[in-house]
Amino acid sequence: AAKWCIIGRYVEGRYPIFGKEYLKWWMVSQLQEFLGAGVLENNLSLYYRLLGAKIASGVKISKDTRLSEFDLLHIGSDVALDNATVRPFAMDSRGCFTLRKIQIGDNSCVCAKSVIAGGATLPEGTCVGPLSSSHELCDARPENRMHCRPLRALPPLWLKVLCGWPILLLQRTLTLSPVLLLMVHMASTEWYVGSFTSIQDGVEYIATPERMGYLFGFIILHRTVCPCLALAYAIAVKRCIIGAFKPTVEGEDPNVSSWQVFRPWLLGRLIPDPHLCGVAKILGRHYEAISALYRLLGVKVGRYVYWPGSGFNFTEPDLVEVGDYVVFGSRSLILTSDAHHRRRVVTLEAGSNVSDRCVVLPGTRVKTGAVLGSGALTKEGAIYEPGTYVGSRGNECMQLKKAGAGASEPKETSYARAFGRRREATYTVLPEWFHIAWSTASICWACIISKLPLVSGLMLAHLCFSDDWQAHSVASALL
């Protein structure tokens, strides 16, 4: 509704920066970022149609795909969009921004980390690979469909209803149990004696100091204890029900039975975010505690791995092998299966490096001393010798330079030296337990700060009108 009231329909053209149209565009963009899809999160096609996009039937849009300027989008039938950016907005060199239509033909797909710019027209059946763009349609090939995750087969509805949904419901119930138990304890105590005969009685009940303490307790439990319970439950289900994932035997067709398709689907719902149900934010996103959690999920992890702040969401964690001293950048993807559920192991040997915005395809082996630079795209099943690789041309990264002598031996990183030999360091290195305590305390403090305006308002209303609301004017009550 805000989009239609503020800007109406987006119209092609060139507009000055900081002008009226820019201000309206900015307001709508911020509202979309803040509000999200809401209840239509699982039906993004309908959500974007309501915003003005022309989307045909059979379109599959992943939740991390970013669409904007919706009236200028024309998406054909059976299109798949996977963590891509489709954006008619662009800046030019004359202090203006432009809005241009984007047309995506039927049966096309856009893979992860790719960008479709304003004015682009994708012919029918175009398959844009990972880390590509509409300016590189010469690299669009049919085999790129294999790496578009929304095209993966989903488990049958009966299996999701009979098996998946009860497991997910039990996780949700267990996750909220600390908050529910605290609510029961609050209701069973006799810290409030009174009757509810007026609004004043209700405000008095809510604004008492004991009630405020319980309110903060609810929020802190929800942000600290509940994520740990959710992840513990997910780990238990992974180990007891889902089991270990195994690579597809070379030369054989992948097993696409209902159960095999259901297993990664269920794990993806149990751990829906790259931060391990939010536990990584509590433990610190880079440290050995994260390695321990990934090991519990089945990832083969070495010592002193520096994890990215953006995290990973492994759908088949048993197929990922990470050696000692591996360093990650942020916002990278590691894929262990294709759209046909053919599973292959991804190996990052000791001392290798995966930088920002990389896409590592199934079967990749990054050897010791190899560095995948920013925006590097690997080729499925390829082996990368020591050296530096960057970007993507022809659906594969380019070798920038070869490594010198001795690069094939893993070297201890500065992160490993700091935490592995902390007592030998000439500078102060805080132990990992301190980082965990600091992160947890910061989260608790942020919970309290976020609710202070509400709590202060309730306490002020209770203090000002505790005697008799009828004795105050309506204007005073509203103030």
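A crossing of two helices is called right-handed if the near helix is turned clockwise from the far one by less than a right angle, and left-handed if it is turned anticlockwise. Keep that picture in mind as you look at this predicted model, where the crossing of helix 4 and helix 7 is right-handed.

Let's stay with that pair for a moment. Helix 7 covers residues 258-270, and its axis lies 11 Å from the axis of helix 4, at an angle of about 25°. Angles under 35 degrees count as roughly parallel, so helix 4 is roughly parallel to helix 7. Which residues of helix 4 and helix 7 make the contact? On the side of helix 4 you will find Leu159, Lys160, Cys163, Gly164, Trp165, Ile167, Leu168 and Gln171. Helix 7 answers with Ser258, Trp259, Phe262, Trp265, Leu266, Arg269 and Leu270. Sorted by class, this contact has 10 nonpolar, three polar and two charged residues.

Helix 4, which spans residues 157-188, also meets helix 6, residues 209-242. Here the axes come within 8 Å and cross at roughly 155°. Angles over 145 degrees count as roughly antiparallel, and helix 4 and helix 6 are therefore roughly antiparallel to each other. Their crossing is right-handed. By class, the contact of helix 4 with helix 6 has 20 nonpolar, six polar and one charged residues.

Strands of a sheet pair through backbone hydrogen bonds, either parallel or antiparallel. In this model, five strands form an open sheet in the order 17-20-23-25-26, and the pairing is mixed. Strand 17 (327-328) and strand 26 (398-402) are the edge strands, each pairing on one side only.

Strand 17 runs parallel to strand 20 (residues 353-354), and two bridges join them. Phenylalanine 328 has valine 354 of strand 20 as its bridge partner. Further on, strand 23 (residues 370-372) and strand 25 (residues 387-390) run parallel and are joined by three bridges; leucine 372 is partnered there with tyrosine 389 of strand 25. One of the residues to look for is threonine 388, whose bridge partner in strand 26 is lysine 401.

Finally, how confident is the predictor? The chain averages a pLDDT of 88, and 94% of the residues score at least 70. Over residues 472-479, however, pLDDT stays under 50, and the model has five contacts beyond four places in sequence for this stretch.

Terms used: Residues numbered from 1 in each chain as written. Predicted model: local features only at pLDDT ≥ 70, side-chain atom pairs only at ≥ 80, totals over all residues. Heavy atoms only, no water. Axes fitted to C-alpha atoms, helices over the stretch in contact; angles between N-to-C directions. Helix = DSSP H or I, 4+ residues; strand = E, 2+ residues; numbered from the N terminus. Parallel < 35°, antiparallel > 145°, perpendicular 65-115°, else oblique. Nonpolar A, V, L, I, M, F, W, Y, C, P; charged D, E, K, R; others polar. pLDDT = per-residue confidence, 0-100. Contact = heavy atoms within 4.5 Å. Pairing = 2+ DSSP bridges.
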